[in-house]
Amino acid sequence: MVDPETLVHWLQSTIAVLQDAAIASDFFSEAAKALVENIGLDTGWVLTWEPDTQGWVERACHYGGHAGDEADRRPSNKFLNRVRDLKRTSWTAPEQDLTDSNRSLLPVKAAVAAPILDREGKVIGALYGDRRQGAQGEAKFSKLEALLVELLAGGIATGLARLEQEKKYDIVVNQIELILGPDLAREVRENPDLTRGREAEITVLFADIRNFSKISRFLGHKTTFDWINDVMQQLSRCVIRHQGVIVDYIGDALMAMWGAPKADPEHATRACLAAIDMLEIVPEINKSWMQLPERMGLGIGINTGMASIGNTGSHERIKYGPLGNTVNLASRVEGATKYLKSYLMVTEMTHRLLDPSIPSRRLCSVRVVNIDDPVNLYEIVDSSRFATLDPERYQGDWNELRIRYEAALSAFDDEQFNLAAQTLGNLLTDFPKDGPSLVLLRRAVDGLIEGPDDAHPIWNLPGK
């Protein structure tokens, strides 16, 4: 009969191991030690079952003071396998056939083993202890002692689950830092709710490489990867420099956002400044890759609006980012840069929030594929910084170009196609490489010949 003081001591020791299991990586050895010193065993073992090898692997062991051949102290596989098959704690004596085929366990007077179960109830290990000839305490096991061994086994199961969760957490943290950067990742760790779905106003940017197919065919597979990694690295630095979050790399495109996980009243302006930086470094990238068959270009679309923000991936592979129409429209605006012969365009929702010092002009109203509502598009230009991006285009007085273009656009919207065409013709004499003016002139001429279509002045873009 176990006296109350001894029982309390056992329970205190068991609780200490359980606490270690929640915070320490060496709870295996603590559990083996507790078996010997607190329950009064001669030998204590923690083992795990390896399905691939169909065998038991030692994780920790602790020997008591009983002398003997340690090579003969290993647990009986036969006994452990019986515990694994039954999935319950067993205690026994050697006369109940504890012997393995390759050796004798005759010195063992009694043995006890408890299975370690995972969350699905599968046996992933066992806690084993025995008493031998000359061991301290009774040679047999009581039910209470067996239950204490079982309690320790439960603590080990808790510790294994904890370590698995910590491993997954470390992976997630590393992924979050790669995606958000260390500062924002720290915020997510301190406030895990930020990764759950929520609504927020954000600005989304899509940047797509132009001439990718031709360049990749010329470079070949290996060099293409080196080139695209260099490009994305430099574009990503522009995002991070302006406190943005890199959401994804999609083939030859980059997606980023501002305004989440941390609210930022300047999210629209920061996104546009990052985009301007991207376009400014394109000539530098082309210069460092002189072997390219033609210059790399870049088209950037930006949109602002409400979106659902959170982990759009899984627990194993986090993908923090936005979902919704705001994202889809930003992607369509990037595609629209090809139709309007522009490098950088934003929606009216973004334009309303921009710092007035950022140069811009309204280009037109469009309806993009799969989105019914029309949207006003604006071009963002920093002619001094874009001088090497397209030298023939960014010459002359940008403000004069803006004023004359917007006058032509106003005439076009009012169905004054003759006035619009005349204004644009004069404008192109001074700014012959202005892409949006060339596009609007073509639309004005079509209006003169065919008259306004049903959607005028909205332009239904033919593709993405």
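Q: What handedness does the crossing have where helix 11 passes helix 13?
A: The crossing is left-handed; the term applies if the near helix is turned anticlockwise from the far one by less than a right angle, and right-handed is the clockwise case. This is a predicted model: local features need pLDDT of at least 70, side-chain atom pairs count only at pLDDT 80 or more, and totals for chains, interfaces and linings use all residues. Residues are numbered from 1 along each chain as its sequence is written, and side-chain values use heavy atoms, with hydrogens and water left out.

Q: What makes helix 11 roughly parallel to helix 13?
A: The angle does it. The axes of helix 11 (residues 398-413) and helix 13 cross at roughly 20° and come within 11 Å. Axes here are lines fitted to C-alpha atoms, for helices over the stretch in contact, with angles from 0 to 180 degrees between N-to-C directions. Angles under 35 degrees count as roughly parallel, over 145 as roughly antiparallel, 65 to 115 as roughly perpendicular and the rest as oblique. So helix 11 is roughly parallel to helix 13.

Q: Which residues of helix 11 and helix 13 meet?
A: From helix 11 come Leu401, Tyr405, Ala408, Leu409 and Phe412, and from helix 13 Pro436, Ser437, Leu440, Arg443 and Ala444; contact means heavy atoms within 4.5 Å. That contact splits into 8 nonpolar, 1 polar and 1 charged. Nonpolar covers Ala, Val, Leu, Ile, Met, Phe, Trp, Tyr, Cys and Pro, charged covers Asp, Glu, Lys and Arg, and the others, Gly among them, are polar.

Q: Why are helix 12 and helix 13 called roughly antiparallel?
A: Helix 12 (residues 417-430) and helix 13 (residues 435-450) have axes that cross at roughly 150° and come within 9 Å. That puts the pair in the roughly antiparallel class. Helix 12 passes helix 13 in a left-handed crossing. Among the residues that meet are Phe417, Leu424 and Leu428 in helix 12, with Leu441, Ala444 and Leu448 in helix 13. By class, that contact has 11 nonpolar, 3 polar and no charged residues.

Q: What makes helix 6 oblique to helix 7?
A: The axes of helix 6 (residues 212-219) and helix 7 (residues 221-241) come within 7 Å and cross at roughly 130°. An angle like that makes helix 6 oblique to helix 7. Phe212, Ile215, Ser216 and Leu219 on helix 6 meet His221, Thr223, Thr224, Trp227 and Ile228 on helix 7, giving 5 nonpolar, 4 polar and no charged residues.

Q: How many cavities of 30 Å³ or more turn up in the whole structure?
A: The search finds 1. A cavity is a set of points on a 1 Å grid, over the protein atoms alone, where a 1.4 Å probe fits but cannot get out, and lining residues have an atom within 4 Å of a point. The largest cavity holds about 80 Å³ of space. Its lining includes Arg361, Tyr394, Trp398 and Asp434, and by class comes to 4 nonpolar, 3 polar and 3 charged residues.

Q: What is the omega of the peptide bond from Ala260 to Pro261?
A: Omega is near 5°, and the bond is cis. Pro261 sits in the loop between strand 8 (253-258) and helix 8 (267-288). The bond joining His456 and Pro457 is also cis, with omega about 5°.

Methods
Helices (H or I, at least four residues) and strands (E, at least two) are DSSP runs, numbered from the N terminus. On a 1 Å grid over the protein atoms alone, a cavity is a set of points where a 1.4 Å probe fits but cannot get out, and a pocket is an open set with protein on both sides within 12 Å along at least five of seven lines; lining residues have an atom within 4 Å of a point. Grid points are joined across faces, edges and corners, and a volume is the space filled by probe spheres set on the points.
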